Amino acid sequence: MESFDIKSMTLEEVKAIIVAMGEKPFRAKQLYEWMHVKLARDYDEMTNLPKSLRERLNENYPYTSLKEVMVQQSKIDGTQKFLFALADGNCVESVWMQYHHGNSVCISSQVGCRMGCRFCASTLDGLERNLTPSEMLDQIYAIARSTGERVSNVVVMGTGEPLDNYDNLLRFLQMISDESGLHISQRNITVSTCGIVENMRRLADEKLQITLALSLHGSTQEKRQELMPIANKYSVSEVIDACRYYFMQTGRRITFEYSLVSGVNDTEADAENLCKLVDGLNCHVNLIPVNPIKERDYSASERKDVLRFQNKLEKKHINATVRREMGRDINGACGQLRRRFGDLN
Ligand code: SAH
């Protein structure tokens, strides 16, 4: 088994450690609560644990937490973008968004990404490494501490492909929704994937209540291949079948992400093909005018084309919303902030 840092361990695993250290089991519950409810930054804060225990923990289980490198706040909508340094100096970015239905944190699941989507900044330098469960949790904890607000929604939509880091993602999902931690309802958690079919099916079999979002971006095999290299590995029909399977196993409505790129995937024919593709599937389509990155010459669809596309879907009774572009003035698109800033090593 992979060995985890203490903040990536479940309550049961923490108990086993505490007992092996010759301590009473109730100490495990206290320790777990400090890490995952009170969001302690280090062992020193854990004042109801004996000092000798804190010292021994510190020696044997170095406590991880993130260093805030930079925060940017949007003047338009209050969105905040955080750049955090991990223990090894790599940086990840996370976003805080306030909606009428609650506060949302968007986290990264990897340092970099190897999926190669053509319009995405996160993938330009490839994959550096996977994030551990605690590094995913810590993004939420650090933002909760910094804003002083309750986090009600989590979206795994930052840098990285979560289903390319499956085991750590699953552990993270279980811990963030567990009642002994922050206890965020699974129904308020969304995992977004570019479509790694076997892991979509594995996730379906876990029967969690989280929302699966599929980054579709093209309504035919050819269009998808143009924008997303992963489409060379899995055909669009295999991916849609996996979405149907996810719905069958979990009863959860699928979200499709569709970034509109001017002249590439935003025509009436594209909208018609999309309707055919998702026919009969309980789903919601998020339309996002692509956020242009300087390394590529894609531009966002014009407002009138976005609305025409949305109309077309709605006529066929497919729920479609145009996503509000949050934080455009602060490098809102995935991976843009980290690229601008670089890593700290
Ligand atoms: N790897 C996962 C999650 C990270 S990307 C995935 O592919 O779903 C989160 C979403 O943002 C995806 O739908 C992705 O395609 C989209 N995205 C990335 N760069 C974008 C950009 N420049 N403009 C609009 N959407 C973008």
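**Close-up views of the ligand site and a helix pair**

**View 1. Composition of the shell around the ligand.** The shell around the ligand consists of 8 nonpolar, 8 polar and 2 charged residues (nonpolar: Ala, Val, Leu, Ile, Met, Phe, Trp, Tyr, Cys and Pro; charged: Asp, Glu, Lys and Arg; polar: the others, Gly among them). The model is predicted: local features need pLDDT of at least 70 and side-chain atom pairs pLDDT 80 or more, whereas totals for chains, interfaces and linings use all residues. Residues are numbered from 1 along each chain as its sequence is written, and side-chain values use heavy atoms, with hydrogens and water left out. In total, 18 residues surround the ligand (a heavy atom within 4 Å); the closest are E161, S192, S215, H217 and N291. Strands β8 (189–193) and β10 (254–260) each contribute at least two residues to this shell (strands are DSSP E runs of at least two residues, helices H or I runs of at least four, numbered from the N terminus).

View 2. The side chain of S192 places an N or O atom 2.6 Å from a ligand oxygen. A ligand nitrogen lies 3.0 Å from a backbone N or O atom of F119, and a polar backbone atom of C194 is 3.5 Å from a ligand oxygen. Of the 530 Å² that the ligand exposes when taken alone, the protein buries 93% (Shrake-Rupley method, 1.4 Å probe).

**View 3. Packing of helices α9 and α10.** The axes of α9 (residues 268–277) and α10 (residues 303–315) come within 9 Å and cross at roughly 30° (lines fitted to C-alpha atoms over the stretch in contact; angles run from 0 to 180 degrees between N-to-C directions). Therefore α9 is roughly parallel to α10 (angles under 35 degrees).

Methods. Polar contact = N/O pair within 3.5 Å; in protein donor to acceptor, adjacent residues only side chain to side chain. Parallel < 35°, antiparallel > 145°, perpendicular 65-115°, else oblique.
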